[in-house]
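Here are some notes to read alongside the model.

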Amino acid sequence: MNATRTGRPALTRPDGTPLRVLVVDDDPDLAEVLTGALRYEGWEVRAAGDGAAALTAARELLPDAVVLDVMLPDTDGFAVLRRLHTVQPHVCVLFLTARDAVEDRIAGITAGGDDYVTKPFSLEEVVARLRGLLRRAGMARMQEEGPRLVVGDLVMDEDAREVTRAGELIDLSPTEFELLRFLMRNPRRVLSKAQILDRVWSYDFGGRAHVVELYISYLRKKVDAGRDPMIHTVRGAGYVLKPVTR
């Protein structure tokens with residue numbers, strides 16, 4: 001099973017992409033520490049210092065979970081959560097507060113929060129609580145046993161050198177397999193032709209862009225033929241593999 005740098009089993013979204021977490025706290029030092037700890041898990045993390053910034057960030061990030069301070073300079077966390085639920089109805093919320101009163105805990109749960117951590121807290125506790133929340137909510141999964149790459153309904157078994165999409169086996173040449181493996185190891189990341197040449201062909205970039213273009217077209221005919229496309233061209237930048245969103 002793949003693991004994070006902390007030694008814990010890696011936790012991803014169901015389609016294999018990084019979990020998205022929004023940290024909302026008006027203490028920039030604390031927000032920075034929390035953000036760093038969550039990125040260390042391999043997750044995509046954004047931070048906001050007040051309620052207005054949190055809502056803007058939530059619309060852009062569409063987080064799977066929010067670490068939310070109750071006391072914010074422009075409003076309180078409970079009001080922010082009510083607004084967040086209009087953006088992401090099923091988002092998991094872990095409240096942070098310096099207060100430990102029973103009524104605050106009740107208010108947090110009543111507002112739709114999933115868990116509550118009182119300051120001061122350990123980073124390990126916050127990460128563990130988030131991992132538990134996300135798994136229970138069905139928003140995350142452990143990375144599969146064995147050398148498998150999963151992006152949406154596209155699955156690659158690196159040992160067996162087999163690729164399937166929606167359960168249908170796809171026959172790839174050795175070069176096509178290596179190109180797809182590089183794309184699948186970097187989902188949602190735009191990869192330049194130079195990067196692809198360097199990793200797949202070990203060439204220095206120098207007028208060989210047509211090789212990449214040719215093999216991308218081969219892959220598209222096999223991976224995307226008759227299906228919603230996953231391989232996209234970003235004009236002037238390169239190529240990106242993304243799970244299909246509906």
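Axes here are lines fitted to C-alpha atoms, for helices over the stretch in contact, and angles run from 0 to 180 degrees between N-to-C directions. Please keep in mind that this is a predicted model: local features need pLDDT of at least 70, side-chain atom pairs count only at pLDDT 80 or more, and totals for chains, interfaces and linings use all residues. Residues are numbered from 1 along each chain as its sequence is written, and side-chain values use heavy atoms, with hydrogens and water left out.

1. Let's begin with α6 and α8, whose axes come within 10 Å and cross at roughly 85°. That makes α6 roughly perpendicular to α8 (angles of 65 to 115 degrees count as this, under 35 as roughly parallel, over 145 as roughly antiparallel, and the rest as oblique). On the α6 side the contact (heavy atoms within 4.5 Å) is made by T175, E176, L179, L180 and L183, and on the α8 side by Y215, I216, Y218, L219, K222 and V223. These residues divide into 8 nonpolar, 1 polar and 2 charged (Ala, Val, Leu, Ile, Met, Phe, Trp, Tyr, Cys and Pro count as nonpolar, Asp, Glu, Lys and Arg as charged, and the others, Gly among them, as polar). Helices (H or I, at least four residues) and strands (E, at least two) are DSSP runs, numbered from the N terminus.

2. Helix α8 (residues 209-224) also packs with α7 (residues 193-201), at an angle of about 80° and with the axes 9 Å apart. That makes α7 roughly perpendicular to α8. In α7, the residues K193, I196, L197 and W201 meet A209, V211, V212, E213 and Y215 of α8. By class, this contact has 7 nonpolar, no polar and 2 charged residues.

3. Next comes an open sheet of 4 strands, in the order β8-β9-β10-β11 with antiparallel pairing (two strands pair if DSSP finds at least two bridges between them). Strands β8 (148-151) and β11 (168-170) stand at the edges, each with a single partner strand, so one side of each has no neighbour in the sheet. From one strand to the next the twist averages 25°. Helix α6 (residues 174-184) packs on this sheet, touching β8, β9 (154-157) and β10, and its direction makes about 115° with that of β9.

4. Which residues pair across the strands? L149 stands opposite M156 in β9, the bridge partner of M156 in β10 is V163, and V163 stands opposite I170 in β11. There are 4 bridges between β8 and β9, 4 between β9 and β10 and 3 between β10 and β11.

5. Two hairpins are worth checking. The one formed by β8 and β9 has 2 residues between the strands, and G152 in its turn has a positive phi of about 60°. The hairpin of β9 and β10 has 4 residues between the strands, with R161 in the turn at a positive phi of about 55°.

6. Finally, some backbone details. Most residues other than glycine have a negative phi, and most peptide bonds are trans. Phi of L62, however, is near 50°; L62 is found in the loop between α2 (51-61) and β4 (65-69). A cis peptide bond joins K119 and P120, with omega about -5°, and P120 lies in the loop between β6 (115-118) and α5 (123-136).
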